[in-house]
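Dear colleague,

Please find below the structure I am handing over to you, followed by a short account of what was found in it.

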Amino acid sequence: MQLAAAPRLERHRIFHSHDVEATRAFLDSKNFRVDFGRGENQPLDAHVNGVYLPGMYIGYLCYGRTTALKATPARTDYWIQLPIHKRFEITMGKRSAVCGPHRGAVLSPMNENLIRSEPGCGRLVFSLTGTTVVRQLATLLGQALHAPLEFADTMDLTTGYGQSVLHYMRAAVHDLEQSDSLLRSPMAMSSYEQFIITGLLLSHRHNYSDALLRPERRIAPRDVKRAIDYVEANLDAPISLADIVDAAGVPGRTLHKHFRHFTGASPMGYLRNARFERVRRTLLHAPAEENISVIAAKCGFDHLGRFAVEYRRRFGERPSDTRKRGREN
C-alpha cells in the first residue's frame, strides 16, 4: 500500500483527528459540510494545519479517506487549492474538473462548489478574505464593483501565474515550517498577502479582467511622485497597495501598469527597494554602539538572518561591512 505524504505545516496544527464525528463537528463549526467515504483501507486521518494572516489563510488539508466537502453560504472567502499528493475533483453546478499536479482550483463563494478528494489527497490552500479581495480589485479599478467577483474555476500550474503561485506557496510553507519564519513579521505578511492577491487579480481570469486590461490615461509624473513621497515617508509601516493608490490619487490598475515606467519597479517592489536603500544609508552613518538588528528593525526588517542574506545579494557586502566602511570614511 502506498504511504501517505507527510503533512505540511505541522508546526501550525489547527486540527488532527481519526474520529469521524469529531472531524465532522470541527468542519461544521467552520461552515463546511462533509461526507466521508467508507472502506477498510481508508482510515480517517484528518489534518488541518495553517496560519492566519490579516486577509489570508495559508494552510494544508488532508483527510486520509475519500471526502466530499461543500462550503455553506456563510463562507464568503475565495479559495486557491493546489494538490501536492493525489487528486481531487471540483464540481460547480454542471461543470466539473479534475485537479492534480498540473492543475489547481480557484473557488468563488457565489458558486456551489463541491470538492471530492481521493484517499490521501493532500493540498495546499490559500483562503482569501472576500472583503480583502474585493477591496483590492476596487482599488485597482478605481471604482466600486457592480457585480460579484467570479474567477475562472481552474488554474494551470505549469505556466504563468499558476506556476508562480505554486512556487511562492511552497516557499511560504517552507518558511512557516521554520522556527524563525520571516512571515512572522507583520510587514512581511502584508507584502506577501499583497503580492498573492494582486497577482491573482491581474493574472488569473475573472469577470473584471477586461476592465483591468482596458487602456488608461498615462500617469502624470506628479501622481507617481505623490506615491513615492508617501512610500518614503512610511518606510517603517506595513504599507499596502491600497494605501499607495490612495496617496497617488489614481486608479490602482493605472498606477500598477505605469509605475514601472517611471521608477523601474512595481509600487510594492519600489517599497522594498526603498527600505533597503534606507537601511544602507543608516548603516553608513550609524554609531559603533548601535546594533545592526535594531537598525534593520527600524527600517522594516524583523528577520536579521534573511535580511543579511538579501542585503549581501543586493550590495555585495555584509551589513557589518557597510557600517565599518562608513566609520572609516
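In what follows, a helix is a DSSP run of H or I with at least four residues, and helices are numbered from the N terminus. Lining residues of a pocket are those that have an atom within 4 Å of one of its grid points. Please note that the model is a predicted one.

The main finding concerns the largest pocket, which holds about 1100 Å³ of space. Its lining consists of 35 residues, and those nearest the pocket centre are Leu182, Ala188, Ser191, Tyr192 and Arg272. By residue class, 17 of the lining residues are nonpolar, 12 are polar and 6 are charged.

Which helix gives the largest share of this lining? It is α4, with 9 residues. The helices that each supply at least two lining residues include α4 (186–203), together with α3 (160–176), α9 (267–284) and α11 (304–315).

Most residues other than glycine have a negative phi. Asn31 sits in the loop that joins α1 (20–29) to β2 (32–36), and its relative accessible area of 29% makes it partly exposed.

Lys86 likewise has a positive phi, near 65 degrees. Lys86 belongs to the loop between β6 (78–85) and β7 (88–92). With a relative accessibility of 31%, Lys86 is also partly exposed, a term used here for values between 20% and 50%.

Yours sincerely

Key:
Residues numbered from 1 in each chain as written. Predicted model: local features only at pLDDT ≥ 70, side-chain atom pairs only at ≥ 80, totals over all residues. Heavy atoms only, no water. 1 Å grid on protein atoms, 1.4 Å probe; cavity = no way out; pocket = protein on both sides within 12 Å on 5 of 7 lines; lining within 4 Å. Points joined across faces, edges and corners; volume = space filled by probe spheres on them. Nonpolar A, V, L, I, M, F, W, Y, C, P; charged D, E, K, R; others polar. Buried < 20%, exposed > 50% of the residue type's maximum accessible area, 1.4 Å probe, protein only.
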